[in-house]
Amino acid sequence: MTRVLAVSTAFPPHRHMQHEITEDLVSGLPPGSGRDLVRRLHAAAGVESRHLALPLDRYRALGTFGETNRLFVERATALGAEAVERALRDAGVRAEDVDLVVSTTVTGIATPSLEARLAERIGLRPDVRRVPLFGLGCSAGAAGLARVHDFLDGRPGGTALLLSTELCSLTLQRADLSTANLVAGGLFGDGAAALVAVGGDRPRTEPGASHPASHPASGPPGPTVAATRSRLYPGTEHLLGWDVGDWGFRMVLGPELPELVRLHVTEEVESFLAEHDLKPADVTAWICHPGGPKILDALADGLGLPDAALAASRRALAGHGNLSSASVLQILQATQADGPPPGTIGLMIAFGPGFSSELVLLAW
């Protein structure tokens, strides 16, 4: 039984309202090149504000992929460390007690990977097991929790850390006027999230521990992970991902995605829940990746959910944008802060390249 002790988030200091970002992007386009389209797409994104890794006026000066990736490594390492240190403190866990760290990102490339770069800085043991994940896109937050659960299911005395760090703004192609890039420019934000979990046999703190972070976890008890499921949908790999070239990462975003969610993911959710004698109506904590308003609408329509079911996802999208893999962890943090009563059933849902889905069944 995997127990989630704490979830934390960290955001860059540069926060901008959506209209500020829109007008900055529009001002860099030549006349007659779709300025009105950019404004319409951004207005329909369901985003009110976002955090950015850099000051808004620095993005126009960015040049090569090498330059942006160096900035990614620098800023992502610092932001990830902030999220991890906060999660460990909130969980009452010492960094040296962590047995496994899973790190996820899809917005930059780092070798050594991010968790290796911050290991000594935050005090992880030299023999900590590391699992860096790249390429799972927005689904990696849920997939990362599933892999943490796999580890702790086999090592119930263990402690695991999950880190998701996404600086989506550094991937934007300002000269790309494709619909996919314009949509991405209105949706994605920057942020990091970290989660601390323990196996069923692990106490929250070691008896007699004197490390300043070794206090009991604060707040209401976190959820346990009951089950997980991963699914690839054949023949859909061309619909979501990156086109990688000299320019860096270029968004691939098929217009068919909302319909795929409606037709396949809703059936997947119902099948997964049925394995555990549950129906969508039994789930009262929906932790759904906010891929965009159309994705959330398709999921709600397909499962027959009331408007309130996905309110947390819509709030996350409005306040921070789509944080790729970090979004579901941000929504889990917000859900936990509301103090779900004992007996609450939760479902984490995220989508990624492949096209793929990740489901995590939670219980409070």
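Student: Where is His 289 placed, and what makes it count as buried?

Tutor: In this predicted model, His 289 sits in the loop between strand E11 (285-288) and helix H8 (293-303). Its relative accessibility is 2%, and buried means under 20%, so His 289 counts as buried.

Student: Which residues is His 289 in contact with, leaving aside its neighbours within four places in sequence?

Tutor: With those neighbours set aside, the contacts of His 289 are Cys 138, Leu 296, Asn 322, Ser 324, Ser 327, Val 328, Ile 349, Ala 350 and Phe 351. A contact here requires heavy atoms within 4.5 Å.

Student: Why is Ser 324 called buried?

Tutor: Ser 324 has 3% relative accessibility; the cut-off is under 20%, so Ser 324 counts as buried. It lies in the loop between helix H9 (311-320) and H10.

Student: Is Asp 277 buried or exposed, and how do you know?

Tutor: The relative accessibility of Asp 277 is 74%. Exposed means over 50%, so Asp 277 counts as exposed. Asp 277 is found in the loop between helix H7 (257-274) and E11.

Student: What makes helix H10 (residues 327-337) largely enclosed?

Tutor: Of its 11 residues, 8 are buried, so helix H10 is largely enclosed by the rest of the structure. Among these buried residues are Ser 327 and Val 328, two of the contacts of His 289. After H10 comes Gly 339, with a positive phi near 70°.

Student: How many disulfides does the structure hold, and how do you know that Cys 138 is in none?

Tutor: The structure holds 0 disulfides. For Cys 138, the nearest cysteine sulfur is that of Cys 168, 7.2 Å away. Cys 138 is buried, with a relative accessible area of 14%.

Student: Which residues are joined by a cis peptide bond, and what is omega?

Tutor: Most peptide bonds are trans. The bond from Thr 111 to Pro 112 is cis, with omega near 5°, and so is the bond that joins Gly 354 and Phe 355, where omega is about -25°. Pro 112 is in the loop between strand E4 (100-105) and helix H4 (114-122). Phe 355 is in the loop between strand E12 (345-352) and strand E13 (356-363).

Student: How do you know whether the radius of gyration of the protein chain agrees with a compact globule?

Tutor: A compact globule of 364 residues would have a radius of gyration near 21 Å, and the protein chain has 20 Å, so the value agrees. Along its principal axes the C-alpha trace spans about 65 × 45 × 35 Å. Of the 364 residues, 58% count as buried.

Methods. Residues are numbered from 1 along each chain as its sequence is written. This is a predicted model: local features need pLDDT of at least 70, side-chain atom pairs count only at pLDDT 80 or more; totals for chains, interfaces and linings use all residues. Side-chain values use heavy atoms; hydrogens and water are left out. The radius of gyration is taken over C-alpha atoms; the globule rule is 2.2 Å times the number of residues to the power 0.38. Buried means under 20% relative accessible area, exposed over 50%, partly exposed in between (1.4 Å probe, protein chains only). Helices (H or I, at least four residues) and strands (E, at least two) are DSSP runs, numbered from the N terminus. A disulfide is a pair of cysteine sulfur atoms within 2.5 Å.
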